[in-house]
Amino acid sequence: KKLINYNIKISNYSTILFNFFLIIFAELIFNFWLQNKISFDREIFYILIISSLIRNYGTTMVNFLYAKNKHIKFNSILLILSLIFIPIAYLLSNKYGMLGLAYTYLIYEIIFLLTGFKEIYANFQNIYNAKSFLFELIKIIFFIMCILLNNFYLFLFILLLFFYDIKQFYEK
């Protein structure tokens with residue numbers, strides 16, 4: 001139980017920290033790399049950053065399913081989801097361009113995360129509970145708000161959560 005919870009916490013914090021620095025420097029890197037030949041679309045970039053955070057959380061949970069050999073049903077669901085989302089992504093990208101594709105990817109990642117949690121909860125209720133899942137989701141929501149509101153103080157709040165988790169770790 002402790003192992004999966006710590007893996008998820010470490011995964012979330014490392015992704016949040018990496019994405020925070022990426023948010024600060026990405027436009028500079030993008031413009032330098034492409035020499036201002038392509039304009040930087042901040043909305044698409046933010047959607048992809050949020051998607052990467054959600055994906056990292058979901059992947060950490062799914063790796064636990066793989067380790068316990070309980071991934072067959074999840075893989076079947078994932079295949080069906082992928083087959084459903086490919087035509088949706090095609091239609092939205094034709095109509096809205098890259099923005100439609102980014103939103104499709106975000107929705108896919110949210111469903112991926114929820115499906116992974118459902119599978120873990122169905123197979124390992126004694127190991128992983130909804131309380132831990134919701135606490136980690138709150139961190140993701142705060143980081144999303146930090147991005148959307150462009151608010152540095154919300155990032156500081158996430159750092160406070162980090163120190164709270166460290167304190168909890170050393171008290172046990």
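**View 1. F25 on helix α1.** F25 lies in helix α1. The model shown here is predicted. F25 counts as partly exposed, because its relative accessibility is 41%. For a sense of distance, take I107, which is 82 residues from F25 along the chain. The C-alpha atoms of F25 and I107 are separated by 26 Å.

**View 2. The whole chain.** The protein chain has six helices and zero strands. Read from the N terminus, its elements run α-α-α-α-α-α. The C-alpha trace spans about 50 × 40 × 25 Å along its principal axes. The chain has 172 residues, and 38% of them count as buried. The accessible surface of the chain comes to about 10700 Å². Carbon and sulfur atoms account for 70% of that surface.

**View 3. The salt bridge between R42 and E27.** The structure holds four salt bridges. One of them joins R42 to E27, with the closest N and O atoms 2.0 Å apart. R42 lies in helix α2 (residues 42-67) and E27 in helix α1 (residues 2-34), so this pair ties together parts that are 15 residues apart in sequence. R42 is partly exposed, with a relative accessible area of 33%. E27 is partly exposed too, with a relative accessible area of 29%. Why can such side chains pair? Side chains of opposite charge can do so when their charged atoms come close.

**View 4. R55 and its two partners.** R55 forms a salt bridge with E109. Their closest N and O atoms are 3.3 Å apart. This pair links distant parts of the chain, with R55 in helix α2 and E109 in helix α4, 54 residues apart. Is E109 buried or exposed? E109 counts as buried, because its relative accessibility is 0%. R55 is partly exposed, at a relative accessible area of 29%. R55 also lies over the face of F112, at 4.3 Å from the ring centre.

**View 5. The ring pair F74 and F112.** The structure holds seven aromatic pairs. In one of them, the rings of F74 and F112 have their centres 5.4 Å apart. Their planes meet at 70°, so the pair is edge-to-face. The pair links distant parts of the chain: F74 sits in helix α3 (residues 72-96) and F112 in helix α4, 38 residues apart. Both F74 and F112 are buried.

**View 6. T115 and its contacts.** T115 lies in helix α4 (residues 98-123). T115 is buried, because its relative accessible area of 12% is under the 20% cut-off. Which residues does T115 touch, not counting residues up to four places away in sequence? T115 touches F74, I77 and L81. F74 is also a member of the ring pair with F112.

**View 7. A network of salt bridges.** K73, K118 and E119 are linked in a network of salt bridges. K118 is partly exposed, with a relative accessible area of 43%. E119 counts as buried, at 2% relative accessibility.

**View 8. A cluster of rings.** Which residues do ring pairs link into a cluster? The cluster holds F30, F40, F45 and Y46.

View 9. A nonpolar surface patch of about 1000 Å² is made by F152, Y153, L156, F157, L159, L160, F162, F163, I166 and Y170. Y153, one of these residues, lies in helix α6 (residues 152-171). Is Y153 buried or exposed? Y153 counts as exposed, because its relative accessibility is 65%.

Key: Residues numbered from 1 in each chain as written. Predicted model: local features only at pLDDT ≥ 70, side-chain atom pairs only at ≥ 80, totals over all residues. Heavy atoms only, no water. Patch = residues over 30% accessible without salt bridge, like charges linked within 9 Å, V, L, I, M, F, W, Y side chains within 5 Å. Areas by Shrake-Rupley, 256 points an atom, 1.4 Å probe, with all protein chains shown as cover. Salt bridge = Lys/Arg side-chain N within 4 Å of Asp/Glu carboxyl O. Helix = DSSP H or I, 4+ residues; strand = E, 2+ residues; numbered from the N terminus. Buried < 20%, exposed > 50% of the residue type's maximum accessible area, 1.4 Å probe, protein only. Contact = heavy atoms within 4.5 Å. Phe/Tyr/Trp six-rings, centres within 6.5 Å; stacked < 30°, edge-to-face > 60°. Lys NZ or Arg CZ within 6 Å of the ring centre and 35° of its normal.
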